[in-house]
Amino acid sequence: MRDIPFVCSWSGGKDSAMAYYRAMKMGMRPKKLLTMFEEEGEISKSHALPLEVVTAQAKHLGVPLSIKEASWNSYEGQFIEAMDECDAEGITHGVFGDIDLEGHLEWVQNTCAKSNIVAVHPLWKEPRLKIIEELLDVGFEAWIVVVNTTMMPAEFIGRKFSKELIVELEALEIDACGENGEFHTVVVDGPIFSKRVPVKIGHAIVRGDYVFSPVSIA
């Protein structure tokens, strides 16, 4: 995989950061980040990060950022359009942070293939706990910024990811990787960044079954 150019599907959270990190360790060359935003363009999908935060992450990664705005109905079309643009720029591979959800893996592979992009999943089928322990061991800093309160207590919102937090989650039988949608994170530092992204984690906001901590540049 050495010197192969890739676009990284960038949520701004821990799994995409670890996939990017692993791809770099494999010798691949990052050429672009792709982040999908809500239709109105104010926040990213799932992780609810504002453009200023994702832009700052891209700046500290030293990689151009591509944004696509979509509803869930238009998501696939916008994603394919983004992959077509990558193909036209000579980017041959896409890097994704999927771990073990077969349905999403198949969707990514099939959709990328429509644009002649080869999907790469550096974290695939690794034990979830092993991935998040490595995340901390190599020096990533991540914060929980979205909590699904139907799956875990709201009190975990705004918490910094740590080995103590992993123990707490596991004791409550909550997947500490959040792969089932229990929570989402923002990554602000680590071995892939030139320097820490200076963020401010705001007070929690309740929206239906979800609690969000607004993230902004400090």
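**Entry 1: the β4-β5 pair.** I started with strand β4, residues 93-95, and found that it pairs with β5 in the parallel sense over 3 bridges. Looking across from G94, I landed on A119 in β5. A reminder to myself: this is a predicted model.

**Entry 2: the whole sheet.** I got an open sheet of 5 strands, ordered β3-β2-β1-β4-β5, with parallel pairing. Which strands stand at the edges? They are β3 (65-69) and β5 (118-120); each has a single partner strand, so one side of each is left without a neighbour in the sheet. I noted an average twist of 30° from one strand to the next. Helix α3, residues 75-88, lies across β1 (5-9), β2 (29-37) and β3, and I read its angle to β2 as about 160°.

**Entry 3: the chain overall.** I counted 6 helices and 11 strands in the protein chain. The radius of gyration came out at 16 Å, close to the 17 Å that the globule rule gives for 218 residues, so the chain is as compact as a globular protein of that length. Its C-alpha trace spans about 45 × 35 × 35 Å along the principal axes. Buried residues are 52% of the 218.

**Entry 4: helix α2.** What does α2 (residues 51-61) bury? I listed V53, V54, A56, Q57, A58, H60 and L61. Their packing partners are α1 (14-25), β2, β3, β7 (183-189), β8 (199-201) and β11 (215-217). After the helix comes G62, with a positive phi near 75°.

**Entry 5: salt bridges.** E126 meets R22 side chain to side chain at 2.8 Å, N to O. E126 sits in the loop between β5 and α5 (128-137) and R22 in helix α1, so this pair ties together parts 104 residues apart in sequence. Is R22 buried or exposed? At 12% relative accessibility, R22 counts as buried.

E102 bridges to K125, with the closest N and O atoms 3.4 Å apart. E102 belongs to helix α4 (residues 102-113) and K125 to the loop between β5 and α5, so the parts they tie together are 23 residues apart in sequence. I have E102 down as partly exposed at 38% relative accessibility, and K125 as exposed at 52%.

Back at E126, I also found a salt bridge to K130, 3.1 Å from N to O. K130 is partly exposed, at 42% relative accessibility. Through shared partners, R22, E126, K130 and E134 join into one salt-bridge network.

Technical notes
Residues are numbered from 1 along each chain as its sequence is written. This is a predicted model: local features need pLDDT of at least 70, side-chain atom pairs count only at pLDDT 80 or more; totals for chains, interfaces and linings use all residues. Side-chain values use heavy atoms; hydrogens and water are left out. Two strands pair if DSSP finds at least two bridges between them. Helices (H or I, at least four residues) and strands (E, at least two) are DSSP runs, numbered from the N terminus. Axes are lines fitted to C-alpha atoms, for helices over the stretch in contact, and angles run from 0 to 180 degrees between N-to-C directions. Contact means heavy atoms within 4.5 Å. The radius of gyration is taken over C-alpha atoms; the globule rule is 2.2 Å times the number of residues to the power 0.38. Buried means under 20% relative accessible area, exposed over 50%, partly exposed in between (1.4 Å probe, protein chains only). A salt bridge is a side-chain nitrogen of Lys or Arg within 4 Å of a carboxyl oxygen of Asp or Glu.
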